[in-house]
Amino acid sequence: MLHAPPPSQEYHWFNHLLGSQGSRWGQADGAGFAAADWRAGDVVLTWFDIDISPDAPPPPYWMRVGMYTYPDVANVQLIDKAGNPAGEFVELGPLDAKP
């Protein structure tokens, strides 16, 4: 569920590439597009290229994706369909990627 952010609040995305033991092998953060342009019901698609560390183990990997307020860097709480807190990130995977 997307609630309209305060007009002055900015958000950044974090994207962490994790190995099977939970170690981080790549990361990309960024703004995406201005929160002031969001409207209720929008679907937000943003592309991030993530460099995988050359000493990373072979796949599988998982992606941990979430948002934080910027510049104060406070993680944004996700909510479920009922409006209840649901953590600070989503985890996707397993993924097959090559360093």
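Helices (H or I, at least four residues) and strands (E, at least two) are DSSP runs, numbered from the N terminus. By that rule the protein has 0 helices and 5 strands, in the order β-β-β-β-β from the N terminus on. This is a predicted model, in which local features need pLDDT of at least 70, side-chain atom pairs count only at pLDDT 80 or more, and totals for chains, interfaces and linings use all residues. Residues are numbered from 1 along each chain as its sequence is written, and side-chain values use heavy atoms, with hydrogens and water left out.

**Overall dimensions and surface**

- Taken along the principal axes, the C-alpha atoms fill a box of roughly 40 × 25 × 25 Å.
- The protein has 99 residues, and 25% of them count as buried; buried means under 20% relative accessible area, exposed over 50%, and partly exposed in between (1.4 Å probe, protein chains only).
- Contact means heavy atoms within 4.5 Å. Among contacts with a separation of 6 or more, 65% are between residues 24 or more positions apart.

**Strand pairing around β3**

- Two strands pair if DSSP finds at least two bridges between them.
- β1 and β3 are antiparallel partners over 9 bridges, and Trp 13 stands opposite Met 67 in β3.
- β3 and β5 also pair in the antiparallel sense, over 4 bridges; Met 63 has Leu 92 of β5 as its bridge partner.
- The pairing of β3 with strand β4 (residues 74-75) is antiparallel over 2 bridges, and Tyr 68 has Asn 75 of β4 as its bridge partner.
- β3 and β4 form a hairpin with 3 residues between them, and Val 73 in the turn has a positive phi of about 55°.
- Of the 10 residues of β3, 7 are buried, so this strand is largely enclosed by the rest of the structure.

**The nonpolar core**

- A nonpolar core is a set of buried Ala, Val, Leu, Ile, Met, Phe, Trp, Tyr and Cys residues joined through side-chain atoms within 4.5 Å.
- The largest such core has 11 residues: Tyr 11, Trp 13, Leu 17, Ala 35, Trp 38, Ile 52, Ala 56, Tyr 61, Met 63, Val 65 and Met 67.
- Two or more residues of this core come from each of β1 (10-18) and β3 (61-70), and β3 gives the largest share, 4 residues.
- In soluble globular proteins, nonpolar side chains tend to be buried together.

**Aromatic rings**

- The structure holds 2 aromatic pairs. Rings of Phe, Tyr and Trp (its six-membered ring) pair if their centres lie within 6.5 Å; planes under 30 degrees apart count as stacked, over 60 as edge-to-face and the rest as tilted.
- Tyr 11 and Trp 38 form a stacked pair, 5.5 Å centre to centre with 20° between the planes.
- Tyr 11 lies in strand β1 and Trp 38 in the loop between β2 (24-30) and β3, so this pair ties together parts that are 27 residues apart in sequence.
- Both Tyr 11 and Trp 38 are buried.
- The rings of Phe 14 and Tyr 68 have centres 6.5 Å apart and planes at 15°, so this pair is stacked as well.
- Phe 14 in strand β1 and Tyr 68 in strand β3 are 54 residues apart, and their pair links distant parts of the chain.
- Phe 14 and Tyr 68 are both buried.
- The charged end of Arg 64 sits over the ring of Phe 89, 4.3 Å from its centre; this requires NZ of Lys or CZ of Arg within 6 Å of the ring centre and within 35 degrees of the ring normal.

**Two residues in detail**

- Thr 69 is in strand β3 and counts as buried, at 11% relative accessibility.
- Leaving out residues up to four places away in sequence, Thr 69 touches Gln 9, Glu 10, Tyr 11, Ala 74 and Val 76.
- Thr 69 and Thr 46 are 23 residues apart in sequence, and their C-alpha atoms are 17 Å apart in space.
- Leu 92 is in strand β5 (residues 90-95) and is partly exposed, with a relative accessible area of 45%.
- Leaving out residues up to four places away in sequence, Leu 92 touches Trp 62 and Met 63.
- Leu 92 and Asp 80 are 12 residues apart in sequence and 17 Å apart in space, C-alpha to C-alpha.
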